[in-house]
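Take a look at the chain and its ligand below. Start with the ligand, then move on to the strands and the backbone.

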Amino acid sequence: MELDKMDENDWKYHGEGNKSLVVSHLQHCRVLRLLKFPSEDSAHTRQTAEQAFRHIPNIVDYSKYVMKPLLGEKYVHSGEVVKLPLDFVRQLSLKVQQERPELRCDKVMDTFSGCGLCLPNLTQLPLHHLRDHRPPICVEIKPKCGFLPFSRNITKECKRKVCRFCMHQHYKATNGKWKRLSRYCPLDLFSGSKQRMYVALKNLLEEPQNNLKIFKGGELIFSCKDDAKQQLELNDLIQHLRPYFPHSNGLYNGHQPGKAVLNEFIQVICSALLSGGDSNRSGEPRKVHLSESKPHCEASPFPRDLLRNGNHGLPKDSVLAKILQVQMLDNLDIEGIYPLYKRVEQYLEEFPRERNRLQIDGPYNESFMDTVKNCPAEDDGSVEYAVGKVHQYRVAMTAKDCSIMITFAPCEENEEHQLNLEKPRFTYSVSILDLDPKPYEGIPHQHKLDTKIVNYYLRSTQAPP
Ligand code: ATP
Ligand code: MG
Ligand code: ZN
Ligand code: MG
């Protein structure tokens with residue numbers, strides 16, 4: 001990519017989240033990730049440009065020095081900072097504007113800093129040779145928090161029984177964010193039990209919200225729709241998937257053949273989630289049990305009487321085990337973190353210059369990572385302990401908000417030595433994306449939000465006295 005010859009016609013709108021907008025290159029397997037700002041902020045152009053200038057390199061460092069060592073080399077692509085011509089960015093912003101979903105247009109793309117992030121396009125498989133006519137399928141899952149908090153600091157008993165995602169659904173429904181409740185429960189996905197994972201993925205397909213997206217050949221083919229058209233869309237998805245699972249078409253003698261296709265599709269996602277990251281490894285991996293807390297959520301629709309079928313655990317190097325392990329760095333819960341945050345704040349009020357030494361706003365380098373890794377287990381009353389726990393909490397928050405990308409494509413068709421003709425064979429890769437640092441200043445908001453969500457949940461599920 002020659003940065004002085006950037007042409008907006010080589011790029012197209014790919015997608016966006018709350019913080020960034022992504023465009024993909026028409027020929028190369030690359031994307032550009034650009035920051036977004038609330039539209040009222042864009043008046044203060046110089047300030048926002050400076051913010052982006054600092055923030056983009058921070059994102060790369062955080063990914064490289066903090067998240068990558070924790071989550072594993074093979075899953076994380078940190079990307080590189082690129083300096084883009086302002087003219088290119090402005091043209092690009094105009095070009096993508098009409099493609100943007102309305103509900104995201106409360107923010108505008110940063111066209112001031114000329115700073116972006118260049119990443120591999122994870123919806124594609126770079127080594128997928130085009131001998132097969134079927135382009136890669138990519139499943140993006142935003143799994144959210146996969147364990148029940150076990151901290152002594154928790155004051156509301158329901159937090160030990162019902163997971164944050166399931167409680168949050170009630171809050172979102174009341175506040176009009178989504179019209180229908182999702183039946184997905186992260187604890188089922190992270191359970192390591194094929195049965196429970198199957199149910200979790202099925203529920204994601206039925207109500208994807210912003211937790212599931214599916215791409216084919218790099219194009220989005222399935223994601224949230226905030227109306228009742230979902231059933232129709234699930235049938236569309238089946239039509240897209242049919243050529244990838246040719247054997248399942250005949251399986252049910254034309255009796256609900258779509259079901260068999262979806263079934264096989266879910267199996268492929270499950271194997272990828274439980275694998276060591278790519279399809280070239282085999283053998284039964286060692287299982288780990290990460291959580292000391294209750295392994296299931298009382299709000300999950302998974303049948304209670306089937307829960308007894310074994311205590312599963314996740315394969316040690318699987319993407320789910322890696323993410324869960326980092327999420328669990330939050331071992332005090334926001335209720336335990338908030339007082340420590342206040343300890344840090346009080347200290348900084350007295351010694352404002354210490355903010356840099358304590359790396360409150362970065363830099364996110366090896367020394368930051370040392371603080372995260374070597375934080376003492378017991379509170380000695382020091383500001384160092386408080387800062388260590390706050391850093392750990394923020395790292396865990398990133399892992400609770402990341403996405404998993406599973407991209408797969410059929411292996412070369414029916415090679416003669418391939419005996420097992422019943423099962424479709426795929427080559428796949430698994431990555432983790434969206435690993436931005438979560439702001440230190442966000443902690444008071446997290447504390448309030450936690451109280452709100454719990455209170456809403458209690459109010460909406462308990463009958464009035
Ligand atoms: P969130 O609101 O979840 O925090 P965000 O604003 O931080 O999102 P991302 O999740 O990084 O933004 O990117 C938005 C979307 O762009 C993703 O959901 C994904 O579909 C797509 N995307 C991001 N990075 C890549 C990549 N490297 N390859 C392919 N697609 C990508
Ligand atoms: Mg995201
Ligand atoms: Zn749940
Ligand atoms: Mg994000």
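Predicted model: local features only at pLDDT ≥ 70, side-chain atom pairs only at ≥ 80, totals over all residues.

Domain 1 (3-120) supplies at least three residues, and so does domain 2 (124-460).

How many residues surround ligand 1? There are 21. The closest are Asn-18, Lys-19, Ser-20, Glu-140 and Lys-142. Sorted by class, the shell holds eight nonpolar, six polar and seven charged residues.

Some distances show how protein and ligand meet.

| Residue | Protein atom | Ligand 1 atom | Distance |
|---|---|---|---|
| Ser-20 | polar backbone atom | oxygen | 2.8 Å |
| Pro-120 | backbone N or O atom | nitrogen | 2.9 Å |
| Lys-142 | side-chain N or O atom | oxygen | 2.5 Å |

On its own, ligand 1 has 620 Å² of accessible area, and the protein covers 94% of this area.

In Ser-20 the backbone makes the listed pair, while in Lys-142 the side chain does.

Now turn to a sheet. It is open, has five strands and runs in the order β9-β8-β7-β12-β13. The pairing is antiparallel. Which strands lie at the edges? They are β9 (219-222) and β13 (426-433), and each pairs on one side only. On average, neighbouring strands are turned by 25 degrees against each other, direction ignored.

Look at one end of this sheet. Strands β8 and β9 run antiparallel and are joined by three bridges. Ile-214 stands opposite Phe-222 of β9.

Finally, check the backbone. Most residues other than glycine have a negative phi, and most peptide bonds are trans. Two spots here deserve a look.

Lys-144 has a positive phi, near 65 degrees, and is not a glycine. This residue lies in the loop between β7 (137-141) and α3 (164-174).

The other spot is a peptide bond. Gly-362 and Pro-363 are joined in the cis form, with omega about 0 degrees. Pro-363 sits in the loop between α11 (354-357) and α12 (366-373).

Conventions:
Residues numbered from 1 in each chain as written. Chains lettered and ligands numbered in written order. Heavy atoms only, no water. Near = heavy atom within 4 Å. Polar contact = N/O pair within 3.5 Å; in protein donor to acceptor, adjacent residues only side chain to side chain. Areas by Shrake-Rupley, 256 points an atom, 1.4 Å probe, with all protein chains shown as cover. Nonpolar A, V, L, I, M, F, W, Y, C, P; charged D, E, K, R; others polar. Domains from an automatic or database assignment. Pairing = 2+ DSSP bridges. Helix = DSSP H or I, 4+ residues; strand = E, 2+ residues; numbered from the N terminus. Axes fitted to C-alpha atoms, helices over the stretch in contact; angles between N-to-C directions.
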